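Good morning, colleagues. Please look at the structure as I put it up.

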Amino acid sequence: MSQTTLVLLGAGSSSRFKSRVKKQWLYSGEVPLWLQVAQHFEGMGLFEKIIIVSSSQEIHYMKHFADYTFIEGGDSRQASLSNALSHVNSSYVMVSDIARCCIPETMIQRILHAKNEAACIVPTLPVTDTLYMENTPIDREKVKIIQTPQLSRTKTLKQALDTEILFTDESSAIASLGQQIHFVEGSPLAHKLTTLDDLLKLPCIQAPSSRTLTGYGIDIHPFETGKEMKLCGVTIDAEYGFKAHSDGDVAIHALIDALLGAAGMGDIGELYPDTEPVFAGADSTKLLEDTVERISSFGFEIGNIDMTIMAEAPKLLPYKAIMRTTLASILGIPSNRINIKATTAEKLGFVGRKEGVTVHAVANLNYFNWKKSINGRKT
Ligand SMILES: Nc1ccn([C@@H]2O[C@H](COP(=O)(O)O)[C@@H](O)[C@H]2O)c(=O)n1
Ligand SMILES: C[C@@]1(CO)OP(=O)(O)OP(=O)(O)OC[C@H]1O
């Protein structure tokens, strides 16, 4: 075995990426970027374990894709790395950023082959531009551009990080112990994805698949007197509302389940449990806004929505237009891509007896087309 664990750090906020989509959730073909990076390293067959560090919300969803070891990150890169190191038992640990997504295997081999040279092996690039230190030119031959991934002796790295001092990488932490660092040739392909324009410099990221993903949702709520009736975020003139933990907007609940279904993100009760006091009387439009934020950050954009509200009464035709514009505003799509149908049950069953309402909803999602987004930019 290689005696080496790979730690992939991906718990950053992507603050400089300036997109609703987190960069690690951009789709490359049919897979999110973080999964492409993990599979790229796994395919090298050089690591006895792969640890992925991310946020708790993302880890819950990442587990739908793969069974790597997922560790929750901290509030800094160093805190995230320390969390991961507590799960590393191998002699060596290689730490890479998921954002360095096109690292060639030859570079990884160079780093691993040098593992006995020093306590930390660091890939570097030469400086090709003229350099100044403030107003004074300096000798660029004495300067190195440091890259990741870096390979460290696990025991030494754990010792180096057992401090309040924050370091920007493993080599500076290990150097602070007075330990030797060994440098090897890096690669321009180990470029880090920081801004949308960096995507133009990373050839391993394919355009997202044009696949359309379809989800289906259904919800049922009985009527309850003394409550306001809400449907699609609109108050309906009726003598009753819906019995529910939240405001009972059964149409929005079915729509949320359709969106989550298309994204493969489970169902509404997993995200907003009806046992949680915080959701008591909740405005379901806020739950829908949160759902839209989640699916957008995970790399999806909304295609179209269709729903059928099964209600014996009240007549919903007068409300359809405002319902569509209300949903359009929350979903961020034109109202012509939202269709709302209403039907009675012809006096059959609980709907026909005016005991409650059933709503069926369908949603289509596509992968966020970041390539179109870049091509449309004035870089
Ligand atoms: N057998 C079930 C039924 C429901 N759930 C979860 O509860 C949520 C709310 O269910 P409602 O019937 O009140 O809409 C639902 O979204 C599920 O998450 C369940 O786990 N098992
Ligand atoms: C909306 C949530 C919020 O707690 O509860 P309810 O308002 O009861 O609605 P339901 O569709 O039965 O369950 C889903 C829950 O997420």
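Predicted model: local features only at pLDDT ≥ 70, side-chain atom pairs only at ≥ 80, totals over all residues.

His253 places a polar side-chain atom 3.4 Å from an oxygen atom of ligand 2. On its own, ligand 2 has 370 Å² of accessible area, and the protein covers 88% of it. Two elements, strand S13 (212-225) and helix H8 (268-271), each give two or more residues to the shell. By class, that shell holds five nonpolar, five polar and two charged residues; among its members are His221, His245, Tyr272 and Phe279.

I turn now to the cysteines. How many disulfides does a search of the whole structure find? It finds one, and the partners are Cys102 and Cys204, with an S to S distance of 1.9 Å. The link is left-handed, at -75° about the S-S bond. Its ends lie in distant parts of the chain, 102 residues apart: Cys102 is in the loop between strand S6 (92-97) and helix H4 (105-113), and Cys204 in the loop between strand S12 (181-185) and S13. Cys102 is buried, at 7% relative accessible area, whereas Cys204 is partly exposed, at 27%.

Cys101, by contrast, is in no disulfide; the nearest cysteine sulfur belongs to Cys102, 4.4 Å away. Because its relative accessibility is 3%, Cys101 counts as buried. Cys120 is likewise buried, at 0%.

Technical notes. Residues numbered from 1 in each chain as written. Chains lettered and ligands numbered in written order. Heavy atoms only, no water. Near = heavy atom within 4 Å. Polar contact = N/O pair within 3.5 Å; in protein donor to acceptor, adjacent residues only side chain to side chain. Areas by Shrake-Rupley, 256 points an atom, 1.4 Å probe, with all protein chains shown as cover. Helix = DSSP H or I, 4+ residues; strand = E, 2+ residues; numbered from the N terminus. Nonpolar A, V, L, I, M, F, W, Y, C, P; charged D, E, K, R; others polar. Disulfide = S-S within 2.5 Å. Buried < 20%, exposed > 50% of the residue type's maximum accessible area, 1.4 Å probe, protein only.
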